[in-house]
Amino acid sequence: MGEFGEVVRSTPLDRLVFVAERPEEIKAQVGTVVDPPVGYQGESWEWDVVYSAVAWEELLGRVECLPDLGFWEASTYWAAGPVLSVVMVRYGGFVELASSIGDAEVADSRRLLAAVREVAEVSAPVGVAFAEQWNPMVTPLEQALSRYAVGVEEAGVVLRNYGWLTVLSDEMADRVGGFARLRDSGAFVEAERLAQGSCWLLATKTWDEYGPEHADRLFELFAPVLPPSKPQLREFKSIVMGQPPEWHVLPNIVAERDPREWP
């Protein structure tokens with residue numbers, strides 16, 4: 001859970017509460033949600049409690065059974081400090097972990113990598129994305145390609161996302177020339193092997209340094225494993241319910257190039 005997770009774990013239990021009302025308190029809770037069968041009218045199948053070591057072990061036990069949603073949430077007093085959450089969603093045999101952060105934390109973006117690295121070191125992710133305006137089960141690349149239904153299904157066959165941070169499986173790394181080629185390309189400030197068999201590839205030191213020129217360089221490296229089509233960085237949709245759709249520029253950077261036309 002990164003640095004803030006360690007703060008929560010080391011905080012006295014009497015300062016961890018369901019709703020923070022004083023500056024010294026931290027709202028911290030864990031829980032799960034399971035959709036009941038159609039027509040069920042009994043008690044709620046939701047479970048949520050204030051965080052503790054015992055509650056954490058209970059959460060891990062419940063997550064092993066793959067509930068529809070499992071979450072860990074913590075925040076400081078009102079909006080005066082970090083407001084962090086981690087949510088697990090199950091879909092098609094895959095689990096997505098999503099963490100939302102505020103603008104203040106983005107300014108110190110490298111610290112955010114710690115939590116992602118913790119997960120990546122003990123798993124074999126099929127897709128990783130740092131993104132603005134996150135969409136469940138859809139990466140920024142998939143959004144730009146309008147691939148809303150097939151991304152999870154094709155995980156492991158094509159690369160679901162690339163960007164400031166890219167995590168590439170060993171098999172896909174071999175298909176683009178191998179880890180050594182990626183490491184020696186000069187496109188990454190960090191290129192490392194992960195314990196569970198993937199490549200950790202960081203394009204720039206900080207999130208705000210990443211730009212279109214980096215996306216173009218990554219496209220050329222990853223073209224053999226990218227989904228076939230040309231991304232469009234504008235989307236025609238209605239932002240407010242009931243309002244007519246308009247063209248909107250997507251906030252995340254990918255190269256507007258078709259891998260079928262490369263090289």
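Colleague: Which residues form a nonpolar patch on the surface?

Modeller: L66, V95, L97 and V119 form it, with about 310 Å² of accessible area together. Patches are built from residues with over 30% relative accessible area and no salt bridge; nonpolar side chains (Val, Leu, Ile, Met, Phe, Trp, Tyr) are joined within 5 Å, like charges within 9 Å. The areas come from the Shrake-Rupley method with a 1.4 Å probe, and for residues only the protein chains shown count as cover.

Colleague: What should I know about the model itself?

Modeller: This is a predicted model, so local features need pLDDT of at least 70 and side-chain atom pairs count only at pLDDT 80 or more, while totals for chains, interfaces and linings use all residues. Residues are numbered from 1 along each chain as its sequence is written, and side-chain values use heavy atoms, with hydrogens and water left out.

Colleague: Where is L97, and is L97 buried, partly exposed or exposed?

Modeller: L97 belongs to strand β6, residues 94–100. Helices (H or I, at least four residues) and strands (E, at least two) are DSSP runs, numbered from the N terminus. Buried means under 20% relative accessible area, exposed means over 50%, and partly exposed is in between (1.4 Å probe, protein chains only). L97 has 49%, so L97 is partly exposed.

Colleague: How many aromatic pairs does the structure hold?

Modeller: It holds 7. Rings of Phe, Tyr and Trp (its six-membered ring) pair if their centres lie within 6.5 Å; planes under 30 degrees apart count as stacked, over 60 as edge-to-face and the rest as tilted. Take Y162 and F222: their ring centres are 6.2 Å apart and their planes meet at 55°, so this pair is tilted. The pair links distant parts of the chain, 60 residues apart: Y162 is in the loop between α5 (140–144) and β7 (165–169), F222 in helix α8 (residues 212–222). Y162 is buried at 2% relative accessible area, and F222 is buried at 0%. Elsewhere, F130, W164 and W207 form one aromatic cluster.

Colleague: Which charged end sits over the ring of W247?

Modeller: That of R234, 4.4 Å from the ring centre. A charge sits over a ring if NZ of Lys or CZ of Arg is within 6 Å of the ring centre and within 35 degrees of the ring normal. R117 lies over the face of W200 too, at 4.8 Å from the ring centre.

Colleague: How many salt bridges are there?

Modeller: Side chains of opposite charge can pair when their charged atoms come close. A salt bridge is a side-chain nitrogen of Lys or Arg within 4 Å of a carboxyl oxygen of Asp or Glu. The structure holds 15. One joins D184 and R183 at 3.1 Å, N to O. D184 is exposed at 56%; R183 is partly exposed at 43%.

Colleague: Which residues does the network with R257 join?

Modeller: Start with its bridges. D216 and R257 meet at 3.5 Å, N to O. D216 is in helix α8 and R257 in the segment after β11 (246–249), so this bridge ties together parts 41 residues apart in sequence. R257 also forms a salt bridge with E220, with the closest N and O atoms 3.2 Å apart. E220 is in helix α8 as well, so this pair ties together parts 37 residues apart in sequence. Salt bridges that share partners join D216, R217, E220 and R257 into one network.

Colleague: What is the peptide bond from W262 to P263, cis or trans?

Modeller: Most residues other than glycine have a negative phi, and most peptide bonds are trans. The bond from W262 to P263 is cis, with omega near 0°. P263 lies in the segment after β11.

Colleague: And what is phi of S146, positive or negative?

Modeller: Positive, near 55°. S146 is in the loop between α5 and β7, and is exposed at 53%. S229 has a positive phi of about 160° and is not a glycine. S229 lies in the loop between α8 and β10 (234–237), and is partly exposed at 26%.
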